[in-house]
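Here are my notes for you, written as numbered points. Keep the structure open beside you and find each residue as we get to it.

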Amino acid sequence: MIVIEPKSPTPPFEQLRRQIAAMIDTEQLPPGSKLPPVRRLAEDLGLAPNTVARAYRELEQAELIETRGRHGTSIRSRGSSLSAAAQLAVQDFARRMRELEVSSPDAVAAVQAALASVHHDRAVAS
Amino acid sequence: MTIAIVVLVACVLAASIPLLSARSPRARATALDSYARRVGLELVPEIEPRVEARLRRRERSVVLGAAIAGVTGLVIAALAPAPGGALAGLSYEPLLIIVLAWCGYVIGAAAASLSETFDRDQDSPRIARAIQPQVHHYLSDAGRWTGRIALALALVVYSAALIVVATNFGGIFDGMLGTYLLGPATVSMLLALVLLVLAEVMTTRIVRHPQPASTSTELAWDDALKSLALRDVRSVPLLLGFVATLLPLGVLGALATGHGPGSLGNVLVGLAGGGFIALSLAYGVLALVSWSGKPDQRYWRQLWAPRSEAATGGAAS
């Protein structure tokens with residue numbers, strides 16, 4: 001069940017996006033499941049259609065869902081080994097790098113350095 | 001005409017039974033409790049007055065629908081030319097009024113369902129399903145298909161009657177009589193086809209109608225009320241299919257009556273009578289099967305039970 005908290009500091013589109021991604025990740029929404037049309041979900045949740053459309057768009061960019069014209073929006077089968085949550089984290093990271101005006105090579109280098117650091121910490125810990 | 005007025009009053013009274021039988025607060029509480037048990041939901045204090053208000057508006061709407069459609073049937077019957085000669089006394093008026101009153105009842109139920117949602121505070125949480133509910137979540141296969149099958153059967157019987165009358169099969173019919181008798185059968189067949197299309201459209205609209213809710217209880221109650229409206233809507237093609245099958249059978253029986261034992265006419269009368277009995281039995285069995293499948297709780301089994309099981313499984317593991 002999707003729950004939108006109007007008083008939450010997290011914007012509604014983000015609440016919606018995270019909850020759908022979590023449902024995909026836990027297979028509460030298995031591949032092929034159809035999501036409600038934008039307008040219907042917007043009416044059910046008392047949101048503007050644009051808000052729902054934005055959440056769907058970002059899920060689509062994260063390759064978690066796909067929209068096929070009149071067939072509606074459905075959950076994509078997993079082509080990547082990345083979980084839905086990991087794909088969303090990558091997308092969040094990419095968006096933040098763009099906001100900070102970090103170039104792509106610098107962003108990739110920063111990720112590699114961060115991953116190397118995490119691996120090193122793990123090796124020391126074990 | 002007197003019989004038609006009596007039938008109209010009886011139809012409106014029958015539609016008013018839930019409204020009239022629960023006028024006191026205590027009677028209403030009992031009726032509501034009984035309905036809650038039937039749909040398998042709890043009546044928590046936060047939801048009870050709102051469910052009661054929705055059911056009450058539905059009851060008023062169905063009475064209004066039955067009355068308007070029944071009176072329309074009465075007017076049509078009054079304007080239609082009365083049969084004379086050998087057919088004097090043969091009247092379709094009561095049947096017309098019953099069918100139209102039932103259609104009005106269902107239109108009232110559908111209109112109430114399409115105009116109602118639970119109100120929600122601006123600041124309260126908003127919940128919704130992540131899947132789009134479909135017709136099969138609310139209606140069983142029998143509920144979805146029997147109306148269509150009944151109509152297909154009616155079309156077959158009507159076509160057979162049309163061929164028999166048009167070709168004067170076996171030379172046993174009075175052509176004029178056949179043409180007159182087939183009129184109401186043709187009207188009922190066309191009406192049944194139009195109403196099947198309307199029922200399909202209404203079914204889709206009711207299923208897609210928004211369900212604003214703040215709690216799971218509200219959403220479950222909305223599902224239960226939606227399911228009730230859908231079952232009402234699907235009963236229209238079933239009833240019309242029955243009538244549209246019955247009328248051509250009646251026409252064949254009436255046309256062939258009066259011939260001696262062993263004659264073709266006599267065989268046709270037997271076939272028409274047997275067809276009527278078989279059809280009535282089939283509808284009786286269908287009603288029993290539908291009833292035993294607890295159609296009131298199908299929405300729960302389809303939309304809520306898997307979720308409850310998943311939650312229980314999750315808690316256990």
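1. Let's begin inside chain B, at G108(B), which sits in helix α4 (residues 93–115) of chain B. Bear in mind that this is a predicted model. Is G108(B) buried or exposed? It counts as buried because its relative accessible area is 5%, under the 20% cut-off. Leaving aside neighbours within four places in sequence, G108(B) is in contact with S61(B) and V62(B). If you look for S188(B), 80 residues away along the chain, you'll find its C-alpha atom 21 Å from that of G108(B).

2. Now zoom out to chain B as a whole. Its secondary structure comes to 10 helices and one strand, and along the sequence these run α-α-α-α-β-α-α-α-α-α-α. Of the 317 residues in chain B, 43% are buried. Take the contacts in chain B between residues at least 6 apart in sequence: 84% of them join residues at least 24 apart.

3. Which residues does H137(B) touch, leaving aside neighbours within four places in sequence? They are I131(B), Q132(B), R298(B), Y299(B), Q302(B) and L303(B). R298(B) is 161 residues away along the chain, yet the C-alpha atoms of H137(B) and R298(B) are separated by 7.1 Å. The side chain of H137(B) also reaches the backbone nitrogen of Q134(B), at 2.8 Å.

4. Next stop is E59(B), in helix α3 (residues 48–79) of chain B. E59(B) is a charged residue, and it is buried, with a relative accessible area of 13%. What does its side chain meet in a polar contact? It meets the side chain of R28(B), at 3.4 Å. Besides R28(B), E59(B) is in contact with P18(B) and L19(B), again leaving aside neighbours within four places in sequence.

5. Side chains of opposite charge can pair when their charged atoms come close. E218(B) and R50(B) do this, with the closest N and O atoms 2.6 Å apart. The pair links distant parts of the chain, helix α8 and helix α3 of chain B, 168 residues apart.

6. R18(A) forms a salt bridge with E14(A), the closest N and O atoms being 2.9 Å apart. Both lie in helix α1 (residues 12–25) of chain A, four residues apart, which is about one turn of the helix. R18(A) is partly exposed, with a relative accessible area of 48%, while E14(A) is buried, at 8%. These two belong to a network of salt bridges that also takes in R17(A), R54(A), E58(A) and R95(A).

7. Last, look at where the chains meet. Chain B and chain A bury about 1700 Å² between them, 57% of it on carbon and sulfur atoms. R126(B), A128(B) and A130(B) supply 36% of the area that chain B buries against chain A, more than any other three residues. The contact takes 24 residues from chain B and 20 residues from chain A. How many salt bridges are there between the two chains? The count is zero, but seven residue pairs are in polar contact across the interface.

8. Strand β1 (residues 2–4) of chain A and β1(B) pair in the antiparallel sense over three bridges. To spot it, look for I2(A), whose bridge partner in β1(B) is A128(B).

How values were computed: Residues are numbered from 1 along each chain as its sequence is written. Chains are lettered from A and ligands numbered from 1 in the order in which they are written. This is a predicted model: local features need pLDDT of at least 70, side-chain atom pairs count only at pLDDT 80 or more; totals for chains, interfaces and linings use all residues. Side-chain values use heavy atoms; hydrogens and water are left out. Helices (H or I, at least four residues) and strands (E, at least two) are DSSP runs, numbered from the N terminus. Buried means under 20% relative accessible area, exposed over 50%, partly exposed in between (1.4 Å probe, protein chains only). A polar contact is a pair of N or O atoms within 3.5 Å; within protein, one must be able to donate a hydrogen and the other to accept it, and residues adjacent in sequence count only if both atoms are side-chain atoms. Contact means heavy atoms within 4.5 Å. Buried area is the accessible area (1.4 Å probe) that two parts lose on being put together, summed over both. A salt bridge is a side-chain nitrogen of Lys or Arg within 4 Å of a carboxyl oxygen of Asp or Glu. Two strands pair if DSSP finds at least two bridges between them.
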